[in-house]
Amino acid sequence: MPRIGIELNNVCNLDCTHCFRSIYRGGAENNKDLFLPLEVLDKILREAKALGYQHVAITGGEPPMHPRFGEALDIIANHGFTYHFLTNARNFQKTLKAVSTPLRRSKLAGISFSLDGATEATHDKIRGKGSYREVVTAIATCQAVGIKPSIITTINKANRHEIDQFALLGAHLKVERQIFGHQNPTEHNLGEDLILPLPEWRVVERDIARVMTGFRHHISMAVGFYTDYFLPRCAPLTLDDLNIDYRGRLTLCCQLSNYRDGDKDGEDVVGDLKRESLSEALGKLMNLVNKVHQERLVMAADPVQKDKLHYPCLVCVERFQKSSQESMLVQMDGLRASIAPQPVRATSNP
Ligand SMILES: C[S@@+](CC[C@H](N)C(=O)[O-])C[C@H]1O[C@@H](n2cnc3c(N)ncnc32)[C@H](O)[C@@H]1O
Ligand code: SF4
Ligand code: SF4
C-alpha cells in the first residue's frame with residue numbers, strides 16, 4: 001500500500017547507541033523548530049490524498065513527544081488516512097491516552113515497537129535502563145486494549161546471537177508482524193563496535209530466513225539485505241513510500257534522512273513542502289530516482305564497483321555522503337568475502 005512517511009519531530013527521550021538520526025536528545029521546551037508544524041502536515045496530506053496515498057507511517061524522533069501529537073492524529077484521521085507509528089514505548093500510558101479518542105482509534109492500524117534485544121540486558125545496553133520492560137509492557141497493554149502491535153529490530157553485534165529468541169518473544173507476545181533489518185553504519189555505532197562485518201550479514205540473513213517460516217506471526221526483513229538484483233525496487237525508489245522530514249521537506253528515504261554524521265543537507269532532500277506543492281517536489285524526486293538508477297547501471301558495468309550493489313542501502317549511504325568515507329570502506333571491504341546468496345522475503349521500511 002503506498003504510504004506517506006512523516007517524521008513528526010526530531011526530539012527523543014532516549015539516546016540509543018545505534019541510532020542513525022542526528023537528533024536532539026532533550027525536552028521539547030524552546031525547540032519549536034524540531035517539530036513538524038501541523039498546518040504543514042495538513043497541507044501535505046491534502047495534496048497526498050489527491051494523488052491516492054491512503055496510509056501515513058509516522059516516525060521521528062520519538063513521535064509521541066510532539067507537543068500536539070493527538071491533534072496530528074486528528075488531522076491524519078480527518079483526511080481519511082489510516083496510520084501507524086513507531087515508538088520506543090517510553091511514557092506509553094500517555095501515548096495510549098493520546099490514541100484513545102474514537103476518531104484516532106478508528107484509523108489506527110497498529111503500533112510498531114523498536115526492540116533491540118531479546119533479553120533485557122541486551123536491549124537496555126543499546127537503548128538504556130528500563131527500556132526493555134517498557135516495550136514488553138506496552139505490547140501487552142496493546143493486546144489488552146485491542147491495538148495490533150508489531151516489533152522492529154535492527155541487528156548488530158550486540159544482538160545478532162538472539163535471532164531465535166527474538167522470534168520466540170514475538171510469538172509469545174502475539175505480535176502481528178516482526179521485522180528485522182540490518183543496522184546502517186554511522187561513525188558513532190562503528191566506534192561503539194556495533195556494526196557486523198559484511199560477510200556476517202549474509203549469515204544473519206540466513207538465520208532470519210530460518211525463523212521466517214517457523215512461526216505463525218509474519219516475520220520479514222526490511223530492505224537493505226543482500227540482493228542479486230542491482231536496480232533496487234525498494235518502496236522509496238518506486239515512490240510507494242514518500243518521506244517527509246520534520247522540517248516539512250520531501251526527502252528520498254527515511255533511512256538517509258537527518259543522518260547522524262551529516263552536518264549539511266544532502267541531494268536526497270528534494271523539496272520544501274512549506275513553499276512548493278507535493279506534485280512539484282515529486283517531479284524533482286522522480287528525476288533523482290531516475291539518476292540513482294542510471295548511476296547503478298553504470299556501477300553494474302564496473303567490475304570494481306558492482307559488488308557493492310548487493311547491499312543497496314549501503315550504496316545509498318555512500319552515494320549521498322551520509323557517513324565518513326572511512327566508515328564505508330570498512331563495510332565495503334568485507335564484500336569480497338561475502339558468501340553465496342539466498343532469497344529472503346522483503347518488506348517495506350518499517
Ligand atoms: C529513528 S527511530 C524513530 C522511532 C522511535 N524513536 C523508535 O526508536 O522506534 C526508527 C527506527 O530506526 C531504527 N534505527 C535507528 N538507527 C538505525 C541504524 N543505524 N540502522 C538501521 N535502523 C536504525 C530504530 O531502531 C527504529 O526502529
Ligand atoms: S532509535 Fe528512536 S528511540 Fe532511539 S535515539 Fe533514535 S529516535 Fe530515539
Ligand atoms: S537507502 Fe536507498 S536503497 Fe535503501 S531503502 Fe532507502 S532509497 Fe532504497
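Helices (H or I, at least four residues) and strands (E, at least two) are taken here as DSSP runs numbered from the N terminus. The model described is a predicted one, in which local features need pLDDT of at least 70 and side-chain atom pairs count only at pLDDT 80 or more, while totals for chains, interfaces and linings use all residues. Residues are numbered from 1 along each chain as its sequence is written, and chains are lettered from A and ligands numbered from 1 in the order in which they are written.

Met 212 is found in helix α9. With 17 other C-beta atoms within 10 Å, Met 212 is partly exposed; a residue counts as buried if 20 or more other C-beta atoms lie within 10 Å of its own, as exposed if 12 or fewer do, and as partly exposed in between, with C-beta atoms placed from the backbone. Met 212 and Tyr 24 are 188 residues apart along the chain, and their C-alpha atoms are separated by 36 Å.

The same helix α9 (residues 198-212) packs with helix α7 (residues 163-172), their axes coming within 9 Å and crossing at roughly 30°. Axes are lines fitted to C-alpha atoms, for helices over the stretch in contact, and angles run from 0 to 180 degrees between N-to-C directions. The helices α7 and α9 are therefore roughly parallel to each other, since angles under 35 degrees count as roughly parallel, over 145 as roughly antiparallel, 65 to 115 as roughly perpendicular and the rest as oblique. The crossing in which α7 passes α9 is right-handed, a crossing being left-handed if the near helix is turned anticlockwise from the far one by less than a right angle, and right-handed if clockwise. Ile 163, Asp 164 and Ala 167 of α7 meet Asp 207, Ile 208 and Val 211 of α9, where two residues are in contact if their C-beta atoms, placed from the backbone, lie within 7 Å. The residues of this contact of α7 with α9 comprise four nonpolar, no polar and two charged; Ala, Val, Leu, Ile, Met, Phe, Trp, Tyr, Cys and Pro count as nonpolar, Asp, Glu, Lys and Arg as charged, and the others, Gly among them, as polar.

Helix α1 (residues 38-50) and helix α2 (residues 69-78) pack at an angle of about 15°, and their axes are 10 Å apart. This angle makes α1 roughly parallel to α2, and α1 passes α2 in a right-handed crossing. On the side of α1 the contact involves Leu 38, Leu 41, Asp 42 and Leu 45, which meet Glu 71, Ala 72, Ile 75 and Ile 76 in α2. By class, the contact of α1 with α2 holds six nonpolar, no polar and two charged residues.

A further pair is formed by helix α5 (residues 120-127) and helix α6 (residues 131-145), whose axes come within 7 Å and cross at roughly 110°. The helices α5 and α6 are therefore roughly perpendicular to each other. Their contact is made by Glu 120, His 123, Asp 124 and Arg 127 of α5 together with Ser 131, Tyr 132 and Arg 133 of α6, and these divide into one nonpolar, two polar and four charged residues.

Most residues other than glycine have a negative phi, and most peptide bonds are trans. The peptide bond from Gly 60 to Gly 61, however, is cis, with omega near 25°, and Gly 61 is placed in the loop between β2 (55-59) and α2. Ala 89, in the loop between β3 and α3 (92-99), has a positive phi near 80°, and counts as buried with 26 C-beta neighbours inside 10 Å. Asn 91 lies in the loop between β3 and α3 and has a positive phi near 55°, but counts as partly exposed with 16 C-beta neighbours inside 10 Å.

Ligand 1 is surrounded by 20 residues, of which the closest are Phe 20, Leu 86, Ser 114, Thr 154 and Asn 184. The elements giving two or more residues to this shell are β3 (82-87) and β5 (149-155), and the shell divides by class into six nonpolar, 12 polar and two charged residues. Around ligand 2 stand Cys 12, Leu 14, Asp 15, Cys 16, Cys 19, Arg 21, Ile 23, Gly 60, Gly 61, Glu 62 and Asn 88, with five nonpolar, three polar and three charged residues in the shell. Ligand 3 is surrounded by 13 residues, the closest being Cys 234, Cys 253, Pro 312, Cys 313 and Cys 316, and its shell has 11 nonpolar, two polar and no charged residues.

Conventions: Near = placed C-beta within 6 Å.
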